[in-house]
Amino acid sequence: MTALTKADLADMLFNELGLNKREAKEMVELFFEEIRSSLEKNKEVKLSGFGNFEIRDKKSRPGRNPKTGESVAVSARRVVTFKSGQKLKSRVEGYVGIS
Amino acid sequence: MTKSELIESIISKQDQLIPVDVDLAIKMILEKMIQTLSANERIEIRGFGSFCLHHRASRIGRNPKTGAAVELASRSVPYFKPGKELRERVNVPV
């Protein structure tokens, strides 16, 4: 089972929406770049029906090097979290796979 | 930023497509992503991140009001792991 990639999304826009290959590729790039650049400016992105990309500021905390057991500080950082929306949640929650 | 603001912003940044096509393209991308996850398939967007499902086993829960035990069915929840470029661009020194 292979994962869905930007190339697959561009193919879909080419096949189903009739964009040419270059337009399709650019549209996919623009979509993800727009989300990244909003998050970079500390602005969360709310995609109704899909989910919200949020920003969290994490304080520095003590951590450990898992290999050596040495304690090292984990520096303060800003991270992205994703909260799935109602529609996405309800469409995936019933998935009972044969794994 | 909301979905409609995102669509407006993309419309203003490109000059080849008419607005209605940009609107449709974004909605098709999101719908395809939902379909992929509902089939328990991964999404891998280089430089952005990956999405997959995490599976939760069924468990016995409690009705917090009455204390009665209720069986909660196993379920799947979407999970997003930010990619390297996204992590680095967001984690600006404050």
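This is a predicted model: local features need pLDDT of at least 70, side-chain atom pairs count only at pLDDT 80 or more; totals for chains, interfaces and linings use all residues.

Residues are numbered from 1 along each chain as its sequence is written, chains are lettered from A and ligands numbered from 1 in the order written, and side-chain values use heavy atoms, with hydrogens and water left out.

So, chain B. You've got three helices and five strands, as DSSP runs (H or I, at least four residues, for helices; E, at least two, for strands) numbered from the N terminus. Along the sequence that reads α-α-β-β-β-β-β-α.

How does the radius of gyration of chain B sit against a compact globule of 94 residues? The globule would be near 12 Å, and chain B has 19 Å; that's over C-alpha atoms, with the rule being 2.2 Å times the number of residues to the power 0.38. The C-alpha box along the principal axes is roughly 60 × 35 × 30 Å.

Now the largest nonpolar core: buried Ala, Val, Leu, Ile, Met, Phe, Trp, Tyr and Cys joined through side-chain atoms within 4.5 Å, where buried is under 20% relative accessible area (1.4 Å probe, protein chains only). It has 47 residues, and those touching the most other members are A:L13, A:F31, A:F50, A:F53, B:M33 and B:F51. Helix 2 of chain B, residues 19-38, gives the largest share, nine residues.

Zoom in on A:F50. Leaving aside neighbours within four places in sequence, its contacts (heavy atoms within 4.5 Å) include A:F82 and A:L88, plus B:L30, B:M33, B:I34 and B:F51 from chain B.

How values were computed
Buried means under 20% relative accessible area, exposed over 50%, partly exposed in between (1.4 Å probe, protein chains only).
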